[in-house]
Amino acid sequence: DEANLKVSNNPTNGYMLTAQSGNTGGLTWVAAPSGGLSNSQQWRTSANQTGMSNNTVITNNWEEVDTNGYGRIGNAMTQSSGIFTFPATGYWLIDFRLLGLSSDVQDYLGAKMEITQNNSSYSQASEGYSNTDNNQWITVNLSFQLDVTNLSNQKVKFSIVAQNNGNVTAAGNTSYSFTSATFTRLGDT
């Protein structure tokens, strides 16, 4: 009923309308909740890593994307020899894409994402494959949501999965993304 609608005419930036407490039927201005993503970033391999076999970690040539209008939200991940460390606690969505090639015949070729909870032993969090033949490119996409509560102990790395130990290449390029990882902090833990 319009007679019960009571709203102040003095809104301030950062405020929103909400129902008044109790059973008054009116509206009032309250501070809007803060939120949105606090961290999102992409990394890629800047050049091919060749001569890889089953369980080989993609260690070489990682760089944060820096072309085509790229923009990061929040502090950067750090990485050493393909092991990524998170800049903040929270729930993180990790997306990984491998563009791979094998010069040997492989019934399957793919990648896996491994997580450590103790900065030592790793367990497999996600894995994917594609059918392949000699000298065929494949793309594999992996995803995992990780609750990061300890920045020193929880880390992630990406490895090759191949039927045969052969000459696998993880494709890389410094101008655009072939093999890449996207890290998005979804919210507080």
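**View 1. Eight aromatic residues make one cluster: Trp43, Trp62, Phe84, Phe86, Trp92, Phe96, Phe158 and Phe183.** This is a predicted model, so local features need pLDDT of at least 70 and side-chain atom pairs pLDDT 80 or more, while totals for chains, interfaces and linings use all residues. Residues are numbered from 1 along each chain as its sequence is written, and side-chain values use heavy atoms, leaving out hydrogens and water.

**View 2. Phenylalanine 84 and phenylalanine 183 form a tilted pair.** Rings of Phe, Tyr and Trp (its six-membered ring) pair if their centres lie within 6.5 Å; planes under 30 degrees apart are stacked, over 60 edge-to-face, and the rest tilted. Here it's 5.2 Å centre to centre, with 40 degrees between the planes. Phenylalanine 84 sits in strand β7 and phenylalanine 183 in strand β14, 99 residues apart; strands are DSSP runs of E, at least two residues, numbered from the N terminus. Both phenylalanine 84 and phenylalanine 183 are buried (under 20% relative accessible area; exposed is over 50%, partly exposed in between; 1.4 Å probe, protein chains only).

**View 3. Tyrosine 108 meets tyrosine 129 edge-to-face.** Their ring centres are 5.1 Å apart and the planes stand at 80 degrees. Tyrosine 108 is partly exposed at 31% relative accessible area, and tyrosine 129 is partly exposed too, at 47%.

**View 4. Lysine 157 holds its charged end over the ring of tyrosine 122.** The distance to the ring centre is 4.0 Å. To count, NZ of Lys or CZ of Arg must be within 6 Å of the ring centre and within 35 degrees of the ring normal.

Key:
Helix = DSSP H or I, 4+ residues; strand = E, 2+ residues; numbered from the N terminus.
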